[in-house]
Amino acid sequence: MKVLLDTNIIIHRENTKVSNYGIGLLFYWLDKLNYEKCIHPYSEQELRKFKDNNMQSLYNAKLPAYTTLQTIAKQSDDFRSKLPEEKSQNDKIDNQLLYEVYCNRVDILITEDKNLRKRSKQFSLRPRVLSINDFISKCTAENPNLISYKMLAVKKIFWKC
């Protein structure tokens, strides 16, 4: 299964500061279920805009761990007609990520962008466009046998009077 990760997810994961504590659990489930972690070329371009040399060195070391989509799907007229006007470069990127799900190039898109998740409803893609918490909840519900519950061992003993 291919999972497309929005730029904000990559930033949460590869940032030098912890900005979202669910990110570790997200990647636990992605690895446990053997999902392919994909990034879009537009996301990589966004990451490369950061001027900090330390962050660029970090990205140089860590981005090869993801599968970069090799092509960008051309949006259909039908899809574009249902979109609101793109007001920024970010809107253009978000719409393209959504289109990658729409045309089934990836199975799931994980994003923390509320507007992108809201926009996915227009195309009946909401079950496939998930937040970190949505994805974790879905995985735990569908795979209860893969959860390690931490509890004390209980031993039954009989008392003698």
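Two strands are taken to pair if DSSP finds at least two bridges between them, strands (E, at least two residues) and helices (H or I, at least four) being DSSP runs numbered from the N terminus. The structure is a predicted model, in which local features need pLDDT of at least 70 and side-chain atom pairs count only at pLDDT 80 or more, whereas totals for chains, interfaces and linings use all residues. Residues are numbered from 1 along each chain as its sequence is written, and side-chain values use heavy atoms, with hydrogens and water left out.

By the pairing criterion, strand 4 and strand 5 are joined in the parallel sense over two bridges, and Ile 110 stands opposite Leu 130 of strand 5. These strands belong to an open sheet of five strands with parallel pairing and the order 3-2-1-4-5.

Beyond its neighbours within four places in sequence, Leu 5 is in contact (heavy atoms within 4.5 Å) with residues including Phe 27, Leu 30, Ile 39, Tyr 66 and Ile 110.

In helix 2, the buried residues (under 20% relative accessible area, with exposed over 50% and partly exposed in between, for a 1.4 Å probe and protein chains only) are Ile 23, Leu 26, Phe 27, Trp 29 and Leu 30. Viewed down the axis of helix 2, these residues fall within an arc of 160° (taken from the directions from the helix axis to the C-beta atoms), so they line one face of the helix. Their cover includes strand 1, helix 1, strand 2 (36-39), strand 4 and helix 8. Just after helix 2, Asn 34 adopts a positive phi of about 55°.

Gln 96, located in helix 6 (residues 89-102), is buried, with a relative accessible area of 5%. Apart from residues up to four places away in sequence, Gln 96 touches His 40, Tyr 42, Ile 72, Ala 73 and Gln 75.
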